[in-house]
Amino acid sequence: LLSRSLALAQCLRRNVIATDEEMVGILLPPSVAAVLANAALSLDCRIAVNLNYTLPPGSIDACIAQCRIRTVLTSRRVIERMKLRLSANIVCLEDLVDKVTWQDKVRAAVETYLFPTPLLERMLEFDRTGLDDLMTVCFTSGSTGEPKGVMLSHRNVASNLDAVCQLLELRPDDVALGLMPFFHAYGLTFGLWAGLTLDPLVVLQHNPLDGREVGALCRNYGVTIMMATPTFLRIYLRRCEPQQLASLEVVAAGAEKLSPELAKRFEEKFGVRVIEAYGTTELSPLAAINLLARRRTDGQAVDAKAGTVGRTLPGVCARVVDLETGAELGPDQPGMLLIKGPNVMKGYLGKPDLTAQVIRDSWYETGDIAHIDADGFIAIIDRKSRFSKIGGEMVPHREIEEALARILGTEEEIRAVVIALPDKKKGERLIVMHEPISKTPEQICKQLASCGMTNLWIPSQDSFIEVDQLPLLGTGKPDLRQLKALAMAKLGQSSSPRS
């Protein structure tokens with residue numbers, strides 16, 4: 001891998017990338033080619049930016065413009081499938097095969113097998129790179145707004161890898177399954193760089209929604225560690241057989257809330273308890289995780305608590321502050337969750353004003369409402385953006401969604417999502433976007449009232465909008481931005497408050 005990466009780096013420098021190109025785009029699914037491209041650019045002291053291929057071309061172009069990218073590495077298959085036309089020089093890796101000369105291969109082999117590591121590092125000018133220098137730009141999902149370029153340093157990513165290596169007690173014989181795309185912070189850190197820097201083997205799967213293929217990979221390679229989203233775990237619960245996942249020892253879920261029902265059924269079928277973790281792109285991405293006794297070899301007690309996302313990583317601090325005053329709150333009091341540590345991003349690319357809004361005195365304001373108990377376990381209530389202010393009261397969307405799931409019997413999958421649209425009379429109006437369901441809005445509203453929900457929290461019967469399928473992001477989370485646009489189109493509403 002090192003030899004081929006060095007040869008590719010030489011080829012790119014000679015044929016493709018100009019000397020002054022600092023950032024280079026990569027538009028590839030998780031694959032050997034994507035690993036090689038990232039490794040080659042990093043060995044050449046470039047900043048690799050993995051672009052989100054699930055975005056429309058216009059949004060990808062916006063990311064390219066933010067990073068001032070002039071060259072994008074991709075493959076012909078990606079171009080044909082996406083029908084891409086981007087405002088950058090598109091280079092297909094297949095076209096470079098014949099441009100890698102025998103001299104490139106010989107030089108790379110000599111550097112790999114004969115040069116001592118310190119000498120090779122000096123030749124590659126790694127000594128000029130500081131821990132706090134920019135390593136990559138990772139764009140946010142854009143679920144509630146325009147994607148922002150998150151600047152991550154070498155220290156950011158390394159701190160996450162060191163913490164996970166320590167907490168999960170990784171062994172040389174571990175095999176991790178990389179399910180997330182490299183444009184996602186989880187995929188970047190734990191799919192790409194964990195494989196390049198830590199002992200475990202990493203097996204990559206380009207389509208995490210293909211449950212049968214995931215099951216086959218787990219069985220064939222003896223996967224012991226899986227990091228996924230609850231949406232993906234629901235698919236594997238339906239599509240995988242128990243013997244396929246028999247080697248699993250650690251299954252960590254993040255990016256969205258893990259329902260107790262899903263965790264219970266997954267453990268019953270596959271014999272492994274799903275632990276919940278927490279992070280954001282701005283945190284490189286992990287900030288907290290639950291741990292299992294099964295992985296502990298030092299005699300310590302289990303470090304996990306149901307209904308929480310665990311405790312912070314080593315060297316990472318968390319606190320909860322009042323939404324209005326910013327005063328620090330005590331145990332079990334809900335407020336804004338702040339995180340401080342080596343995993344906090346450098347900032348948003350080209351947006352110092354936005355950076356200043358979320359990072360104050362080195363504390364990152366996550367945008368999540370949470371509470372921390374006396375033992376330090378963090379429980380996430382919801383995103384601040386997922387509360388509506390109706391009649392002066394804060395109404396949490398997630399609690400309504402959980403009640404809807406219980407009424408519809410869909411706790412294990414996302415069939416209904418609550419969003420809010422502007423309303424002149426009440427400030428905001430709750431809208432339920434849902435896939436085809438068996439009950440009418442009238443029946444649902446009556447059941448919501450009968451279970452004790454206040455009228456202010458119950459959407460009106462004309463606020464239920466059916467769609468064939470809820471739009472999802474690449475992580476499996478609902479695309480709230482697209483759902484809002486669909487709702488406004490269905491109701492004939494503009495972006496101005498409705499009367």
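I take strands to be DSSP runs of E of at least two residues, numbered from the N terminus, and with that in hand I looked up S362, which lies in the loop between strand 17 (359-360) and strand 18 (363-372). I note that the model is a predicted one.

**Backbone entries**

For S362 I found a positive phi of about 70°, although S362 is not a glycine.

I looked up C45 next, which sits in the loop between helix 2 (32-43) and strand 2 (47-50) and has a positive phi of about 60° without being a glycine. At 40% relative accessibility, C45 counts as partly exposed. I flagged these entries because most residues other than glycine have a negative phi, and most peptide bonds are trans.

On peptide bonds, I noted a cis bond joining S284 and P285, with omega at about 0°; P285 belongs to the loop between strand 11 (274-279) and strand 12 (286-289).

I traced an open sheet of three strands in the order 22-23-24, with mixed pairing. Its edge strands are strand 22 (416-423) and strand 24 (464-466), each of which pairs on one side only, and neighbouring strands of this sheet are turned by 30° against each other on average, direction ignored.

Strand 23 (residues 427-434) runs parallel to strand 24 and is joined to it by three bridges; I looked up V432 and found its bridge partner in strand 24 to be F464. Lastly, I followed helix 15 (residues 480-490), which lies across strand 22, strand 23 and strand 24 and runs at about 60° to strand 22.

Notes:
Residues numbered from 1 in each chain as written. Predicted model: local features only at pLDDT ≥ 70, side-chain atom pairs only at ≥ 80, totals over all residues. Heavy atoms only, no water. Pairing = 2+ DSSP bridges. Helix = DSSP H or I, 4+ residues; strand = E, 2+ residues; numbered from the N terminus. Axes fitted to C-alpha atoms, helices over the stretch in contact; angles between N-to-C directions. Contact = heavy atoms within 4.5 Å. Buried < 20%, exposed > 50% of the residue type's maximum accessible area, 1.4 Å probe, protein only.
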